[in-house]
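Hi everyone, thanks for coming. Let me put the structure up, and then I'll walk you through how the chains meet.

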Amino acid sequence: MTSRARTSYSLREITERFGGKVDGDAAVTVRQVATLDSATPDTIAFFANERYLTQLKSTRAGAVIVGASVRAATSIPRIVCANPYAYFAQVSALFNPALAARPGVHASAVVDSSARIAGDAEVGPCAVVERAAVVGPGSVIGAGCFIGDGAVIGSATRLHPNVTICHDCVIGNRVILHSGVVIGADGFGIALDEGRWTKVPQIGRVVVGDDVEMGANTTVDRGALDDTVIEDGVKLDNQIQVAHNVRIGAHTAIAACVGIAGSTKVGRNCRIGGASGISGHLDIADNVEISAFTLVTKSISSAGTYTGVYPFERNDEWRRNAVQLKHLGELAQRVRAIEKKPAQPKRRKP
Amino acid sequence: MTSRARTSYSLREITERFGGKVDGDAAVTVRQVATLDSATPDTIAFFANERYLTQLKSTRAGAVIVGASVRAATSIPRIVCANPYAYFAQVSALFNPALAARPGVHASAVVDSSARIAGDAEVGPCAVVERAAVVGPGSVIGAGCFIGDGAVIGSATRLHPNVTICHDCVIGNRVILHSGVVIGADGFGIALDEGRWTKVPQIGRVVVGDDVEMGANTTVDRGALDDTVIEDGVKLDNQIQVAHNVRIGAHTAIAACVGIAGSTKVGRNCRIGGASGISGHLDIADNVEISAFTLVTKSISSAGTYTGVYPFERNDEWRRNAVQLKHLGELAQRVRAIEKKPAQPKRRKP
Amino acid sequence: MTSRARTSYSLREITERFGGKVDGDAAVTVRQVATLDSATPDTIAFFANERYLTQLKSTRAGAVIVGASVRAATSIPRIVCANPYAYFAQVSALFNPALAARPGVHASAVVDSSARIAGDAEVGPCAVVERAAVVGPGSVIGAGCFIGDGAVIGSATRLHPNVTICHDCVIGNRVILHSGVVIGADGFGIALDEGRWTKVPQIGRVVVGDDVEMGANTTVDRGALDDTVIEDGVKLDNQIQVAHNVRIGAHTAIAACVGIAGSTKVGRNCRIGGASGISGHLDIADNVEISAFTLVTKSISSAGTYTGVYPFERNDEWRRNAVQLKHLGELAQRVRAIEKKPAQPKRRKP
């Protein structure tokens, strides 16, 4: 574990900042957060999932963050609150604040004279900032990043090393883009003309709202004509592909390896499971949850959870079952035929 | 929308260049392309999909590109042609030409003295070109790109920033590689030897033909012994993985997030849907279409569309149905047993 | 094919190094390895798969590596050994040794004064090595790589160009990381708080063992609190996503495009097929094989092969069959109803 802890806090100080109530000795101080398993007496852990009850019983943590329903499950000094995991996130951010920008442009960076870099922004080694690009106050452009012509980076935004922002794209405030992210590459616009593909110029932008985070190697393509839009508070994990003219609604969270095809609109506060996909030109309502490994091929107009994944089993069993899938239409017909058979067709004979 | 429009053209001038016939006032001039929805009177839109008929009726576009069958559906000045989307692609390229190379090697680029860079080629900031590499006339090596020993880049080819071309690979003419593309990393060649993996050197190359485009973060591995080959006119979307010794036939288009395993040959003019996969050592015929999210596990010898995706539904319904998949072999047997039952097995009793 | 062959070897010399037995003229010399198909008389090929018997019959290779069971299938001089493919890997490495480091830090690299670079290590052009980072003996940091604060790179390890290692991560000895790899980006830790997501600081590291290889654009996230761990000898193909706090057991091999969700433990000597997935918080036993395109949603406690993939077929047939999946629960009930029907319900009437 890396150690960036700045100081220690008592449970009383913590609850004064973030609310909640202390059960036990409020003068206990902690210096860092930890898991129940690896906690030491100078750290604070959290308990938000019943499956870790054994770990709660045996933890060496100096304090623990719990919900009201389990406050009696341990005698360790504890902070009781409504949402232990969210509370823990705040406590962890207290001990592990995001690094601040180190103002200045590194000598090895290449910044066009027409670019505007805020005085307290940081531009790292070997970064490249092209013509008329803008980097806002307190933002960090990591080593090796590329900011294309006319692109705009908001304030307090961090681009980790080796991020690419193509020309004219707009990134909001307090955004975090992890290494390998590519924003604004051309969408996959090709027109078939007598067996050959003609490129369709991609002249839209990508517009990313505030408080968005994108994981390593995620890609968001620029719009074909209008823009691709990622609204405020959207959280994208690693290796996600967002095609041209997609719009992702505010506060939607998408797990790794998902692909969203062109012009699809995803609602607000959706949760999309890993390696799932959404076909193009669809509308997905707010508060929809898509299971991992599911391909959504039609628009979804009401909230709820949607799934389409083949259950795994031992290969020999899978073989025995899956082979029947190619006869399923026929099997259904045969059952129908049995059902339709007259009950006593040949009774009258003798 | 970014604006790179250079000038305006009348409908007459456009049809003189690209063919087609004007219905209405051929003197109308436009300055840019747009969607039906966001078009303004100085732009030209296109109509190629019946689902957008409402938008056609209400568009503010100054002109529109349509097929013959719908020429009467609007009174806006219009260009009537056989293939409105391909025509539109040409018109858009007229208004939005690809940027030309800015000849010269940037002072921060690192180019080996044995590399040969065409006089009118562009090598961007912090790009690295290694020994004996070649960059052809009019080509652009974007900022932060890496061109390995002996690699050859053709003419009029554009590598967007942060592309990696490994040693000895060959890239054709008029190729476009978007940011994060990696060409010629080692294929996944490992031999099991008493529970441990031994690396098999990957000594083939990647050879990319002319007029190929690859999207952001797509990877094409070098061959193990012989080469991996991407033929002319192939279009690859983002985050595609092409394994060693694959050959992709000319003018095949592949949507994002597809994986093609080693030594598979894909035919010409195929279309492969997003997030699908093709297993290794297979042959896929020309003109094959693979649906999104489909794994192809056997060679395909005839043109057509092939699919293998689990349909999605509400999670509760999926649960009820999917649980039966593990009993499908047994269910088929039970139906067979019912069918085989003698019609009146116990009739003779009384 | 690239040519890095250093010299030629006789079959006698090769078997003196690697064992095995020569059938035929042991004085025959070869200069390079090749496939059966493209071999020339100065190269040695291998035969490890019965499907290539035709190629064995017609090969022009000067020599061939075969198993004992097929030694009589050709009259070409041959090395007979227990494991032809692993033997071939060794012979290929003899002819195609990995490039050695070219000691020194390139003038364009940016290395913090507190970083420690071994004297015989290589740091390529435009690479960035941050504070207190360590690069071990004989290791190569390729062009454009980023090594974050406090990261440690072992000895004889090679980072190909444009690899990103985030702060405090640890990479072992003899590791190979291909271009575009990102190690130690933040895991996807977010806590929901009244409809908005709060970031959970990711303060663990990634610890990568010895003899690990990772393919292009693969990502391994740092742990949330404890570390993400890749054990010795693990081989990861391209575009794989390993989430925070995953542990992958020694000598496990994973094909391209796989995603492994958070906190899952994968055993030793597993083989995981391309584009498969493993859900979070699971335990996968040693020696488990997962088929391509399979989502593992439950822990697996015993060795074996596990599969869950929808078989592909012609689209029209798929449509006819797949539509029944949404009625499968009902179909099973109907079969049960038929089975339960009294055999002669109305017999007694007359």
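This is a predicted model: local features need pLDDT of at least 70, side-chain atom pairs count only at pLDDT 80 or more; totals for chains, interfaces and linings use all residues.

Residues are numbered from 1 along each chain as its sequence is written, and chains are lettered from A, and ligands numbered from 1, in the order in which they are written.

Let's begin inside chain C. Strands β14 (residues 140-141) and β17 (residues 158-159) of chain C pair in the parallel sense over two bridges, with Ile141(C) opposite Leu159(C) of β17(C). Both strands belong to an open, mixed sheet of twelve strands that runs from β40(A) through β39(C) to β8(C). β40 (313-314) of chain A and β8 (104-105) of chain C are the edges, each with a single partner strand, so one side of each is left without a neighbour in the sheet.

Now for chains A and B. β39(A) is joined to β40 (residues 313-314) of chain B by two bridges, running antiparallel, and Tyr306(A) has Arg314(B) as its bridge partner. How many residues does each chain bring to the contact? Chain A gives 63 and chain B gives 64, counting residues as in contact if their C-beta atoms, placed from the backbone, lie within 7 Å.

Thanks, and I'm happy to take questions!

Technical notes
Two residues are in contact if their C-beta atoms, placed from the backbone, lie within 7 Å. Two strands pair if DSSP finds at least two bridges between them. Helices (H or I, at least four residues) and strands (E, at least two) are DSSP runs, numbered from the N terminus.
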